[in-house]
Amino acid sequence: MQKFFTRDKAFYKRFFALMLTMAAQNVIVYSVGLADSIMVGAYSEIAIAGVGLANQLQFILQMLTLGVGDAIVTLSSQYWGRRQVEPIRRITTIGLYLGIVMATLMWAAVFFFPRECLGLFSTDQAVIDEGVKYLKIICYSYFFFSISNILTSALRSVETVRVGFYVSLVALLTNVTLNYILIFC
């Protein structure tokens, strides 16, 4: 049992600081969708169903971006352990290109074919109509979402997690503010 644990208190301090910051950041990232649902839910039931439908497409992009981010963390962490920065830059650049391509493809699909994309998840035309309204606004955030998440992953691979936390916090506050303005004003 002794092989699996270390007595190095600095290791545990660093480990828990990184873990708690990343966990808090993930809670904030997922709270953005929750805030959308709560605020739109006050507007109408069909609108919340439309937002939920559109968020299924956002979820697909989120999973793809998460995959690229996890690959960056896995590959870059090896180089960070050796303090080789140049390979990390190349890996991050490739990840950013992939993220931009994925965001562009998703944007094009939902911008030019919103009904068809939403029709993959529902046949209710009223819900699809509300989802299309939401998609026309939210689709532009795909680029910012992909880039920020991929850069956050790159920062995680070099043990810099607070920047991602603060970016996620600003994104949540911006989202709630814009939701309030767009829904209630």
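I began with the rule for charges over rings: a charge sits over a ring if NZ of Lys or CZ of Arg is within 6 Å of the ring centre and within 35 degrees of the ring normal. With that rule I looked up Lys136, and I noted that Lys136 lies over the face of Phe111, at 4.3 Å from the ring centre. I also found Arg83 over the face of Trp80, at 4.3 Å from the ring centre.

**Entry on the source.** I am working with a predicted model, in which local features need pLDDT of at least 70 and side-chain atom pairs count only at pLDDT 80 or more, while totals for chains, interfaces and linings use all residues. Residues are numbered from 1 along each chain as its sequence is written, and side-chain values use heavy atoms, with hydrogens and water left out.

**Entry on the fold.** I counted 7 helices and 0 strands in the protein chain, where helices (H or I, at least four residues) and strands (E, at least two) are DSSP runs numbered from the N terminus. I noted that the C-alpha atoms fill a box of roughly 60 × 35 × 30 Å, taken along the principal axes. Of the 185 residues of the protein chain, I found that 33% count as buried; buried means under 20% relative accessible area, exposed over 50%, and partly exposed in between, with a 1.4 Å probe and protein chains only.

**Entry on helix 1 and helix 2.** I looked up helix 1 (residues 9-41) and helix 2 (residues 45-81), whose axes come within 9 Å and cross at roughly 165°; the axes are lines fitted to C-alpha atoms, for helices over the stretch in contact, and angles run from 0 to 180 degrees between N-to-C directions. Helix 1 and helix 2 are therefore roughly antiparallel to each other, a word that I use for angles over 145 degrees.

**Entry on the aromatic rings.** I paired rings of Phe, Tyr and Trp (its six-membered ring) if their centres lie within 6.5 Å, calling planes under 30 degrees apart stacked, over 60 edge-to-face and the rest tilted. By this rule I counted 11 aromatic pairs. In one of them, the rings of Trp107 and Phe111 have their centres 4.8 Å apart and their planes at 15°, so I wrote the pair down as stacked. Trp107 and Phe111 are 4 residues apart in helix 3 (residues 85-112), and are thus separated by about one helical turn. I noted Trp107 as buried, at 19% relative accessibility, and Phe111 as partly exposed, with a relative accessible area of 24%.

I then followed Phe111 to Tyr140, where the ring centres are 6.2 Å apart and the planes are at 65°, so this pair is edge-to-face. Phe111 lies in helix 3 and Tyr140 in the loop between helix 5 (125-138) and helix 6 (141-157), so the pair ties together parts that are 29 residues apart in sequence. Tyr140 is partly exposed, with a relative accessible area of 40%. I recorded one aromatic cluster formed by Trp107, Phe111, Phe112, Tyr140 and Phe143.

**Entry on the cysteines.** I found 0 disulfides in the structure, a disulfide being a pair of cysteine sulfur atoms within 2.5 Å. The sulfur of Cys117 is 11 Å from the closest cysteine sulfur, in Cys139, which is too far for a bond. I noted Cys117 as buried, with a relative accessible area of 12%, and Cys139 as buried at 0% relative accessibility.

Definitions and conventions. Parallel < 35°, antiparallel > 145°, perpendicular 65-115°, else oblique.
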